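Here is a walk through one protein model. Keep the viewer open and follow along.

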Amino acid sequence: MMESILVAVDISRVSGSAFKQGLALASSMRAKLIAISVTPKYEGNMNRLKIDDANRQLSEPFRKSLEEAASYAASLGLKIQTVHAVGEPAEQIVRVAEEEGVDLIVLGNAQRSKVEQVLLGGMTAKVIAGSPCDVLLVPEMGEIRFGKILVGVNGTPASSAAGLRALELAGSYGSEVHAVTAIDVPTDQSLRYGVLKDARKKGFKALEAIVRQGEKLGLQVITDLQEASPAKCLTGYAKIKDIHHIILGSKGYFGVSDILLGSVVERVAMVAPCPVQVVKKGD
């Protein structure tokens with residue numbers, strides 16, 4: 001059961017949308033909501049430009065975003081805790097998450113092109129890499145719903161943790177669970193005797209494992225095995241089946257460059273039509 005949720009807010013429209021969704025989620029779970037806004041630390045010398053009280057002026061829009069968030073929550077009869085920090089955004093978000101012992105970090109996720117993701121997605125990647133808890137990426141105008149949950153499984157401990165999280169949510173919300181395994185064998189290797197057969201066998205084994213876990217909890221799991229890249233399988237399946245929530249495992253020890261330059265998480269988050277939850281606990 002989630003007891004506290006941390007939502008990052010700033011001056012962007014996508015973060016405002018994510019905050020409202022995080023607030024609704026916290027309210028439904030009766031969890032404490034903490035809103036954090038981070039003013040990036042300025043290393044230059046604005047005094048040379050005769051701008052007095054530079055730190056205060058730089059922080060003003062970020063503090064205002066927190067005030068607006070608190071005001072919106074109050075209009076719904078809800079209270080939130082607000083935190084303003086100065087520094088590297090990802091570091092401050094992770095620091096507060098650790099200090100407060102939160103169960104989930106919610107971030108707005110602007111869908112971008114590949115180049116934009118590399119240039120502008122660093123903060124999200126760093127939060128995922130350093131987070132002590134799950135991270136939920138909410139696209140602009142996206143809605144947090146758990147009617148249909150899709151989880152990617154491949155037999156690794158990380159994907160097993162993701163599968164358990166999907167079943168936990170399904171048990172709480174009466175969700176329909178879908179599990180997909182992608183067989184992505186390079187063409188040169190697939191021609192070798194037994195390689196593709198072994199990959200399929202491993203894939204079926206991973207699907208059978210989550211089906212058995214679901215049966216123990218009285219939950220039915222719909223499964224599918226496809227031969228394509230994991231990101232293509234998951235995003236395509238999500239659109240066809242009108243999935244509401246995607247859950248992916250995270251190894252928890254990858255570097256930031258791994259996320260930015262081609263991980264399944266990054267590729268799915270770029271085009272997913274719904275929120276994407278990256279599971280960290282249980283890795």
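**From the whole chain to single residues**

Of the 283 residues of the protein chain, 46% count as buried. The model is a predicted one. The chain holds 11 helices and 10 strands. Take contacts between residues at least 6 apart in sequence: 79% of them join residues at least 24 apart.

Arg 13 and Gly 108 are 95 residues apart along the chain. Their C-alpha atoms are separated by 8.7 Å. Is Arg 13 buried or exposed? Its relative accessibility is 66%, over the 50% cut-off, so Arg 13 counts as exposed.

Now move to strand β5, residues 134–139, where Asp 134 is found. Asp 134 has a relative accessibility of 2%. The cut-off for buried is under 20%, so Asp 134 counts as buried. Which residue does the side chain of Asp 134 meet in a polar contact? The partner is the side chain of Gln 277, at 2.9 Å.

Ser 175 comes next. It sits in a loop, with α6 (157–173) on one side and β7 (176–182) on the other. Ser 175 is a loop residue, and it counts as buried because its relative accessibility is 9%. What does Ser 175 touch, leaving out residues up to four places away in sequence? The list is Phe 146, Gly 147, Ile 149, Leu 169 and Ala 170.

Finish with a pair of helices. Helix α9 spans residues 230–240, and helix α11 spans residues 264–271. Their axes come within 9 Å and cross at roughly 30°. Angles under 35 degrees count as roughly parallel, so α9 is roughly parallel to α11. The crossing of the two helices, α9 and α11, is right-handed.

Which residues make this contact? From α9 come Pro 230, Ala 231, Leu 234, Thr 235 and Lys 239. From α11 come Val 264, Arg 267, Val 268 and Val 271. How do the residues of the contact of α9 with α11 divide? Six are nonpolar, one is polar and two are charged. Thr 235 is the polar one, while Lys 239 and Arg 267 are the charged ones.

How values were computed
Residues numbered from 1 in each chain as written. Predicted model: local features only at pLDDT ≥ 70, side-chain atom pairs only at ≥ 80, totals over all residues. Heavy atoms only, no water. Helix = DSSP H or I, 4+ residues; strand = E, 2+ residues; numbered from the N terminus. Buried < 20%, exposed > 50% of the residue type's maximum accessible area, 1.4 Å probe, protein only. Polar contact = N/O pair within 3.5 Å; in protein donor to acceptor, adjacent residues only side chain to side chain. Axes fitted to C-alpha atoms, helices over the stretch in contact; angles between N-to-C directions. Parallel < 35°, antiparallel > 145°, perpendicular 65-115°, else oblique. Left-handed = near helix turned anticlockwise from the far one by under 90°. Contact = heavy atoms within 4.5 Å.
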